[in-house]
Amino acid sequence: MRWILLIVTGVVFALLLTIFASFVLAYRARAEAARYLHVVVPLRIGTTFDATVAQLRDAGVPTTIHGDCHHECILESRFVNRWQYVLHLAPPTGLVGRIDFGNDKLVYKSTILGRDFCCSAAVTESTSTISGTSANVDSSGRPRKIFVDLSALDFTEYRKQAYAFNLSCIGSMRGCEPEELLPTLNDLERALSK
Amino acid sequence: MYVYIQQYNVPRGTHLHFASSGRYVLRHGRQPQYGQIRSVREYTMERARDSPQIATADGGVIGSSGITYDNQGRATGQGALPGMSSWQGFMYSVTGDPVTVRMVPPNLFLNVDPNLLNSAGGNPSGTGTTFPGKDDPWTLRLVPVTDDGADKAAYRNIDYKLYQLDGTTPPLETWYVTEHQTNVNVAPPNGMSGGIYKNEFKDLIGCNDCRGAQSYQNFTISKTSGAYDPISSYGSPTCGTTNIVVHTPVSGDYGCLGLWVSSFGNRVNNLLRWPGVPAPPPTN
């Protein structure tokens, strides 16, 4: 009887510890995502690979490199509440950052905050010289996928608002609604309509 | 009856007649091959190799090319004859799923005589509807112009733009595109996702830490923004023969796309990136 009690207590303790750890890891992912944004938002198209990697390393941001960066490669970072959703405590939500390099120079940036299949907010910087916002909407007219095309030359307030992702969605137990992923969407649209 | 004629395969000199009674006949030379002509609008087919071969139970006919026509003279599709031109102007592939794999038509088939279309004033459904606007929606093509798809990348951005039949000229009017997915998880809550960009659809494919989900995707277009509206939209909300065609520069034309959505690389028709479609280039 005592052994059974000991085992049950041990299992419950381990479970609680795992749940606690999942929250700690989710908050860590959130903090890393914030550090990633801090580095990436001001990064300019044309920045060298070495300079970019050095900044990310200094900020303690984990990254994965796909390809040969002196020719063409992708640098990707994911900040996801993995253990929370493995334990069914929260829907999978994460920030995925991607930086493309060609001939050693930064050529494309994509940053997406998304929740499972439900919804996402994406900011990309590439071809456009004019910043713009759009969305794909569901049948009720709610935005499901939000797109912000940010001009690489745009370093105004618009850039700040474009990257104002709601990082508290990472680790949120109820999961964010589409419009909560990028709360500044309305401001962005208003700025364009002026 | 006015009928939209796009790409039929009939021999030079063959005449296609439409009778007010709804009957029609294909005639080569002077001898009618099928049916009886009463009141007629006549169009001469300039190229091809079709002639009626088999009468169908519903009063239609199957041409020698394999294209089937109903009793109203509408091309209704094609039998299992790969490599032949189909109703909407694309080719069925010799291999693969006939729905998901359709090949680009030769340029020859894309050279539709605009005068003929204008005089026909109709649409492929054969209802005789005159398009209220300037564009014939059925000739519009959705063309991927940028694609950042890559192996192991969690998300993929494909920017589709709507063009006229040549794949390069913008439409004369403003259209909005809606995507339709068979897997509603990919486009919750009901599989539809409407774009609000003019003559453009931004497609973001991916999810957070999912190991793969399959879906079929097709597109419809409408003059109003937002999601699909069955009254004002052109195209079927399901994969079929009346979808707005996706025209890719290298891979071909498709009415329906097969998607594999995964956080470890997203595939469209098993391709991580559309061949011949550039990644978004940097601003100089």
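This is a predicted model: local features need pLDDT of at least 70, side-chain atom pairs count only at pLDDT 80 or more; totals for chains, interfaces and linings use all residues.
Q: How many residues of chain A are in contact with chain B?
A: On chain A, 41 residues are in contact with 32 residues of chain B.

Q: Which elements of chain A give two or more residues to that side?
A: They are β2 (72–80), β3 (93–102), β4 (105–115), β5 (119–125), β6 (132–137) and β7 (143–150) of chain A.

Q: And which one gives the most?
A: β4(A) does, with six residues.

Q: What is that side like by class?
A: The side of chain A that touches chain B has 16 nonpolar, 15 polar and 10 charged residues.

Q: Which strand of chain B does β6(A) pair with?
A: β6(A) pairs with β14 (residues 192–195) of chain B, in the antiparallel sense and over two bridges. In that strand, Gly195(B) stands opposite Asn136(A).

Q: Switching to chain B: what is its secondary structure?
A: Chain B has two helices and 20 strands. Of its 284 residues, 48% count as buried.

Q: What about β16(B), mostly covered or mostly open?
A: Mostly covered: β16 (residues 213–222) of chain B has seven of its 10 residues buried.

Q: How many bridges join β13(B) to β16(B)?
A: Six bridges join them, and β13 (residues 176–181) runs antiparallel to β16(B). There, Glu179(B) has Phe219(B) as its bridge partner.

Q: And how many bridges for β16(B) with β19(B)?
A: Five, again in the antiparallel sense, with β19 covering residues 257–261 of chain B. In this pairing, Ser215(B) stands opposite Leu259(B).

Terms used:
Residues are numbered from 1 along each chain as its sequence is written. Chains are lettered from A and ligands numbered from 1 in the order in which they are written. Two residues are in contact if their C-beta atoms, placed from the backbone, lie within 7 Å. Helices (H or I, at least four residues) and strands (E, at least two) are DSSP runs, numbered from the N terminus. Ala, Val, Leu, Ile, Met, Phe, Trp, Tyr, Cys and Pro count as nonpolar, Asp, Glu, Lys and Arg as charged, and the others, Gly among them, as polar. Two strands pair if DSSP finds at least two bridges between them. A residue is buried if 20 or more other C-beta atoms lie within 10 Å of its own, exposed if 12 or fewer, and partly exposed in between; C-beta atoms are placed from the backbone.
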